[in-house]
Amino acid sequence: MPSSPPVDAHLTGAVSWLERHQIGLYLAAIVAAGLVGLTVPAAHTLEVAIEPVLALLLFATFLGVPFATIRRALRDWRFLVAIGVLNFVVVPVVAFGLSRFVDDEPALLFGVLLVLLTPCIDYVIVFAGLAGGASARLLAAAPVLMLAQILLLPLYLLLMIGPDGVAVVEIGPFARAFVVLIAVPLAAAAAVQAVARRHRAGVAIERTMLALMVPLMTATLFLVVASQAGAVGASFGRLLVLVPIYAGFVVIMVALGVGAGRMFRFDPPATRALVFSGTTRNSLVVLPLALALPASMSLAPVVVVTQTLVELVGMVVLVRVVPRLVPSLRG
């Protein structure tokens, strides 16, 4: 009589199934979350769970990249220069141009600039990896990008909006987001990898968290969309103008990212990573900042979430499109 397959075989099969169907799972999570957010009055309370689930997702993401690789990536100054120029020189010009379509509404203008001027440092690593991008390089650049946007965002808002734009920005939420979403998960991942070299418990944690990558991403998308869908629906008429702005940003930055990769003569994985970094914004991290704004800017958080919704759909499409735009080297 044949023996039953080991537990590891069942786990491996389940993880393999999740990875093969993850795009469909993400889309299903977005649709289900939208329905919940629009029909359940208390759905907005789910926003308290976004941060811890996102931190777990980043912890799992950091575990998936050996820290020796990160050290090598930090020495890759060409990539850091390219990603810095794209996000802090090119993107501000594009963001300023697109924001002119809503410059007559202060809350919309502030929200658009807040989210478009801040490069993503979390799920961009996941989506770039799905498209065959150099996720280790993005992981290495994440702390640099976070610190740079903390320092540069007030300056950009001063130039594009004026002193009133800077007056409502608080550094506290940004600093807290850096600690909770980057520093703590990164340190925890480094500690687990160190333990895994000597003890089986560390290996078990690594395997478990890597197996949970797709469920954690699905949960993150669900929580963000479900908690904010009601607010988006209530202001749908005013927010409709933002959809072509955010979609246009994705299209423009994909083209500029591919061009930047060619200009710097990067290989396909690095170019794909550059495209995703320039396209993906830091909406999940700036959302707490937007929620802390005064009542006169009460629409800004919904402006940020609208960008999240457009971007998530765009990311699912780009996972398929970017490998075709930047094909792997042959021969």
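**Exercise 1. Find how many residues line the second largest pocket, which of them lie nearest its centre, and which elements supply them.**

Solution. Start with the terms: on a 1 Å grid over the protein atoms alone, a pocket is an open set of points with protein on both sides within 12 Å along at least five of seven lines, and lining residues have an atom within 4 Å of a point. The second largest pocket is lined by 14 residues, and those nearest its centre are V232, G233, F236, T306 and L309. Next come the elements, where helices are DSSP runs of H or I with at least four residues, numbered from the N terminus. Two or more lining residues come from each of α2, α12, α13 (236–239) and α17 (300–325), and α12 gives the most, with 4 residues. By class, the lining holds 11 nonpolar, 3 polar and no charged residues, where Ala, Val, Leu, Ile, Met, Phe, Trp, Tyr, Cys and Pro count as nonpolar, Asp, Glu, Lys and Arg as charged, and the others, Gly among them, as polar. Finally, the space in this pocket is about 270 Å³, a volume being the space filled by probe spheres set on grid points that are joined across faces, edges and corners.

The model is predicted, so local features need pLDDT of at least 70 and side-chain atom pairs count only at pLDDT 80 or more, while totals for chains, interfaces and linings use all residues. Residues are numbered from 1 along each chain as its sequence is written, and side-chain values use heavy atoms, with hydrogens and water left out.

**Exercise 2. Describe the largest pocket by its volume, its central residues and its classes of residue.**

Solution. The volume of the largest pocket is about 340 Å³. Of the 20 residues that line this pocket, E19, V126, L130, L210 and M213 are the closest to its centre. At least two lining residues come from each of α1 (7–20), α2 (22–39), α3 (50–63), α7 (123–130), α11 (200–211) and α12 (213–234). Sorted by class, the lining has 14 nonpolar, 5 polar and 1 charged residues.

**Exercise 3. State which residues line the largest cavity and which helix gives the most to its lining.**

Solution. A cavity is a set of grid points where a 1.4 Å probe fits but cannot get out, and the count comes to 1 cavity of 30 Å³ or more. The largest cavity, with a volume of about 30 Å³, is lined by C120, I121, V124, I125, L138, A142, L145 and S277. The helix α8 (135–160) gives the most to this lining, with 3 residues.

**Exercise 4. Decide whether T279 is buried or exposed, and list its contacts.**

Solution. T279 lies in helix α15, residues 268–279. Buried means under 20% relative accessible area (1.4 Å probe, protein chains only), exposed over 50%, and partly exposed in between; T279 counts as buried because its relative accessibility is 0%. Contact means heavy atoms within 4.5 Å, and, leaving aside neighbours within four places in sequence, T279 is in contact with F249, V250, M253, V254, E311, M315 and L318.

**Exercise 5. Work out what kind of aromatic pair F79 and F266 form, and which parts the pair ties together.**

Solution. Rings of Phe, Tyr and Trp (its six-membered ring) pair if their centres lie within 6.5 Å, and planes under 30 degrees apart count as stacked, over 60 as edge-to-face and the rest as tilted. F79 and F266 are 5.8 Å apart, centre to centre, with 50 degrees between the planes, and form a tilted pair. Since F79 lies in helix α5 (residues 77–99) and F266 in the loop between α14 (242–263) and α15, the pair ties together parts that are 187 residues apart in sequence.
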